[in-house]
Amino acid sequence: MIGKARLFRHGLIVGLLLGALVLPGVLAVAAGTGGAPDFSGRWGRNAFNFEPLPGQPVPVDNLKRTPTGQQDNNALVGDHKNPILKPQAAEIVRQKGEISLSGNAFPDPSNQCYPYQPPFALSMQLGVEILQGKDQITFLYNQDDQVRRVRLNSTHPAKVTPTWMGDSVGHYEGDTLVIDTVGMKVGPHSMVDRYGTPHSEAFHMIERYRLIDGAAAKQAAEAHIKKDGAAGLGGNITVDPEYNGKGIEVQFTIDDPGTYTQPWSAKVTYRRLSGNWAEQICAENPREYYDDKTTAVPTANRPDF
């Protein structure tokens, strides 16, 4: 009996130890998305803007280039002659390009502390943390503490009230997370990219997130950096150069007949980040160090009360 008791205890201890090793993975699946692909964690990129998709209409790109052929991050002059733009939208892009060429930055969500609407966030944000839950996916962006929430396995309301982030619902199709967004509010600084390209309340976007091979993600990211120039390498966001695992490819399509002549598509590629990202708070950082000046803040000649 003593031998059997010892054997039982020994087997129980071994079983508990093995369970401790296996259980976290089991819990991760059980508490996650029921076998859906795992997008959780921190991801990033070291270049702004969208990556074009072969065979698709190209998104608005920068006419201003550096001597090496890369886009000039100090002069955001969108191609207002891009055939996807309707005349009114093209004129808005042209006007914003003129402001940029004058040496001034035109107002955008980043420098005005406004919400980063999709897909502006895909164009501008270099770092994102994805939290996967049973009923919701949350995107946490490093710049200006921006947050986006997507309901899973839900539908849009019969009547959508426009909001800054729109109404986003998602579901899984095999290895792909599909997000459908409508109801985006139009405001003074609402835009889809860094060139000021507008959108209307007819805006409709479909995003498709999927994991891709690490080598393919690295190749796509490096090709994009070569075209659009490196960004975020000063310590705010750094892609892990030692990570060989999978990356994330986000393909999206925008259909907005109020702004565009046709639907258009593009993508962004994320890889794993290394280290911590630096906190960036818009309202508490009026100093424009890159231009050696301080942003004007509201002042009053007399108290309001």
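User: What counts as a helix or a strand here?

Analyst: Both are DSSP runs, numbered from the N terminus: a helix is H or I with at least four residues, a strand is E with at least two. This model is predicted, so local features need pLDDT of at least 70 and side-chain atom pairs pLDDT 80 or more, while totals for chains, interfaces and linings use all residues. Residues are numbered from 1 along each chain as its sequence is written, and side-chain values use heavy atoms, without hydrogens or water.

User: How many helices and strands are in the chain?

Analyst: The chain has four helices and eleven strands.

User: And how much of the chain is buried?

Analyst: Of its 305 residues, 42% count as buried. Buried means under 20% relative accessible area, exposed over 50%, and partly exposed in between (1.4 Å probe, protein chains only).

User: Show me one residue. Where is Ile130?

Analyst: Ile130 sits in strand 2, residues 127–132. Ile130 counts as buried because its relative accessible area is 4%.

User: Which residues is Ile130 in contact with?

Analyst: Set aside neighbours within four places in sequence. Then Ile130 touches Phe39, Ser40, Gly41, Trp43, Ile137, Thr138, Phe139 and Ile248. Leu140 is ten residues from Ile130 along the chain, and their C-alpha atoms are 6.5 Å apart.

User: New topic. How many aromatic pairs are there?

Analyst: Searching the whole structure gives seven aromatic pairs. Rings of Phe, Tyr and Trp (its six-membered ring) pair if their centres lie within 6.5 Å; planes under 30 degrees apart are stacked, over 60 edge-to-face, the rest tilted. One of the seven pairs is Phe50 with Phe252, edge-to-face, at 5.0 Å centre to centre and 65° between the planes.

User: Where do Phe50 and Phe252 sit?

Analyst: Phe50 is in the loop between strand 1 (41–44) and helix 2 (87–101), and Phe252 is in strand 8 (residues 247–255). The pair links distant parts of the chain, 202 residues apart. Both Phe50 and Phe252 are buried.

User: Which kind of pair do Phe50 and Trp264 form?

Analyst: A tilted one: 6.1 Å centre to centre, with 45° between the planes. Trp264 lies in strand 9 (residues 264–272), 214 residues from Phe50. Trp264 counts as buried because its relative accessibility is 2%. Phe50, Phe252, Tyr260 and Trp264 together make one aromatic cluster.

User: How many salt bridges are there?

Analyst: A salt bridge is a side-chain nitrogen of Lys or Arg within 4 Å of a carboxyl oxygen of Asp or Glu. By this rule there are twelve.

User: How far apart are the closest N and O atoms of Arg148 and Glu207?

Analyst: They are 2.7 Å apart, in a salt bridge. Arg148 is in strand 4 and Glu207 in strand 7, so to speak distant parts of the chain, 59 residues apart. Both Arg148 and Glu207 are buried.

User: And how about Glu173 and Arg208?

Analyst: They form a salt bridge too, with the closest N and O atoms 3.2 Å apart. Glu173 lies in strand 5 and Arg208 in strand 7, so the pair ties together parts 35 residues apart in sequence. Glu173 is partly exposed, at 40% relative accessible area. Arg208 is partly exposed as well, at 38%.

User: Is Asp145 buried or partly exposed?

Analyst: Asp145 is partly exposed, because its relative accessible area is 45%. Asp145 sits in the loop between strand 3 (136–141) and strand 4 (147–152). Its phi is positive, about 55°, although Asp145 is not a glycine.

User: What is the phi of Asn153?

Analyst: Positive, about 50°, and Asn153 is not a glycine either. Asn153 lies in the loop between strand 4 and strand 5 (167–173). Asn153 counts as exposed because its relative accessible area is 63%.

User: Last one. Which residues does a cis peptide bond join?

Analyst: Pro118 and Pro119, with omega about 5°. Pro119 is in the loop between helix 2 and helix 3 (120–124).

Methods: Contact means heavy atoms within 4.5 Å.
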